[in-house]
Amino acid sequence: MKPLLPFVLILCLIISVVQVNSKLASVQTVSIQSNQFYINGEVGVLTGFTYIGRFNPVNVTCVLNASNNYLPDSIPCSLKNSQEAWQLFGPTLVTASQSLYYSNTVRLQVTVGYLDPQSDDYSSSYYTEVIKAVNMIRDNGMAVLVCMNWEDWKYLTNVTWTVGPDTTRAWLNLLNGTGWIDDTGILLELFNEPATGGSPCGAESMWTSWQSDFQPIITTLRNFGSKNIMVVPAPRMQRILDATAFDSEGGKSLLDYLLNDPLSSLSYSMHPYPAPIYRVNDECGMGEYNLTDWSRWWGNLVDKVSAPIVISEWYTGGVADLPSCLSLSHQPPSTPAPYGWPDNSVWLSPDIAQQFTQYLLTNGPKGGPISTFGVYVFDVEGYIVADLTNTAFPPTVFDASQTFECGQQISVNGTYDSYQGPGELVKNMFKVMQNQ
């Protein structure tokens, strides 16, 4: 009898490869029944990350104009990130989230001004690159959520924070002749963080404005023949679906203002960033820090709405460019917001990230997970991936042995420096969500 050692070694290598490679089954179709997604005909969960590698055309330059720059002067122009991401974008980076992070969906951000044929900023070459990017993602067996942005970090000729005819024209341009309308593995996030408002918070005026923005797009795209799932952003920059907590002001919830879809293929999306700026500056009190906030603003509706409620963008970590980085030195003012502070007045990104990922695992339909397919951002170093030059694409971590500070990098395993971040937490969450 021949020795078994070589066979055992080969078997161990095979097992090792299987354990490292978490590539999920190819996504052929995505559909909705009631408040759950069905992937290839079976109940499933969509998991994934935001990519900005096709956010702008490749050769745009950064222009900051004080008259229309909505960012504080202290925050640097983010265009440099999107240009670096453009160079990195491709099958290797896309499939890394699939094979290493238990992801089956890519949220690809694109920009309305470059895709509306009537816009002064329209770019036919950019349109071609977007089409190629989406087709590449589908060819690699992943679903793709195409997200239409009003912003581009360069400040286009006629940028607005609201939905308009340009949004519909951009969508029709993407759907016309591309074959997308019959591919249910392509989902459409109709608009990113609309400024649909109205005061007081959650009043009828807010909801009717929101309805008048999005119902015409849904109707037009369905009449055009689109079979795609449409992901509708929540009002107020995608930060509230239930305003009944503001009962003294007549706050209403989504339940009273559901949109109509002949295919029953809508989903409603949230961006529950834990940024103090939203708590201070928005009477809706959006900064979301704990279970009470998540449940109050949207989570309690998960099993009440006959459509999936999803997270299409979220982040908290050490990158200081965003206001969602929370450390002891980045606390909000001591003056309480109109509706009071969360249960704990000291918030840290590591604690919020830990609690939020746990919340998403068990507060979805029927006590299952909530589909989360836009965690920000995979193709910019330091958010989810600690080192994009490392082919293992190691995740960012929160290191309890080191003080957490916004904008401060730490040494990881003595091999590379990175901001602390939620990469490892999200990876582990997706692994559980996908039953791996």
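The expected span of a helix is 1.5 Å times one less than its number of residues. Helices here are DSSP runs of H or I with at least four residues, strands are runs of E with at least two, and both are numbered from the N terminus. Take helix α11 (residues 349-362): at 1.5 Å a residue, its 14 residues should span 20 Å, and the end C-alpha atoms sit 21 Å apart, which agrees.

Before going further, a word on what you're looking at. This is a predicted model, in which local features need pLDDT of at least 70 and side-chain atom pairs count only at pLDDT 80 or more, while totals for chains, interfaces and linings use all residues. Residues are numbered from 1 along each chain as its sequence is written, and side-chain values use heavy atoms, with hydrogens and water left out.

Now the overall picture. The protein has 12 helices and 13 strands. Of its 436 residues, 58% count as buried, where buried means under 20% relative accessible area, exposed means over 50%, and partly exposed lies in between (1.4 Å probe, protein chains only). Contact means heavy atoms within 4.5 Å. Among contacts between residues at least 6 apart in sequence, 77% join residues at least 24 apart.

Back to α11. Its buried residues are Ser349, Pro350, Ile352, Ala353, Phe356, Thr357, Tyr359, Leu360 and Leu361. What covers them includes α10 (291-297), β10 (309-311), β11 and α12 (423-433).

Helix α5 (residues 124-139) passes the length check too: 16 residues at 1.5 Å each should span 22 Å, and its end C-alpha atoms are 23 Å apart, which agrees. Buried in α5 are Tyr126, Tyr127, Val130, Ile131, Ala133, Val134, Met136, Ile137 and Arg138. After the helix comes Gly141, with a positive phi near 80°.

That brings us to the cores. A nonpolar core is a set of buried Ala, Val, Leu, Ile, Met, Phe, Trp, Tyr and Cys residues joined through side-chain atoms within 4.5 Å. The largest one has 96 residues, and Leu174, Leu190, Leu241, Tyr268 and Trp298 touch the most other members. Helix α5 supplies the largest share of this core, eight residues. Another core, of 13 residues, lies apart from it, and Ile32, Phe37, Leu46 and Val231 are among its members. If you click on Leu241, look for Trp207, Tyr268, Trp297 and Trp298 among the residues it touches.

Next, helix α3 (residues 91-101). Nine of its 11 residues are buried, so α3 is largely enclosed by the rest of the structure. Those buried residues are Leu93, Val94, Thr95, Ala96, Ser97, Gln98, Ser99, Leu100 and Tyr101. Just after α3, Tyr102 takes a positive phi of about 60°.

Tyr51 is buried, with a relative accessible area of 0%. Tyr51 and Phe89 are 38 residues apart in sequence, yet 8.3 Å apart in space, C-alpha to C-alpha.

Val377 deserves a stop of its own. The peptide bond from Tyr376 to Val377 is cis, with omega near -5°, and Val377 lies in the loop between β11 and β12 (409-412). Most residues other than glycine have a negative phi, and most peptide bonds are trans. Phe393, in that loop between β11 and β12, has a positive phi of about 45° although it is not a glycine. At 8% relative accessibility, Phe393 counts as buried.

Strand β11 (residues 372-375) holds Phe373, which is buried with a relative accessible area of 0%. Phe373 and Val310 are 63 residues apart in sequence and 7.9 Å apart in space, C-alpha to C-alpha. Among the residues that Phe373 touches are Phe37, Leu46, Leu145, Val310 and Ile311.

Elsewhere, Arg222 lies in helix α7 (residues 204-224). At 9% relative accessibility, Arg222 counts as buried, and the residues it touches include Lys227, Asn228, Asp261 and Ser265.

Terms used. Lists of a residue's contacts leave out its neighbours within four places in sequence.
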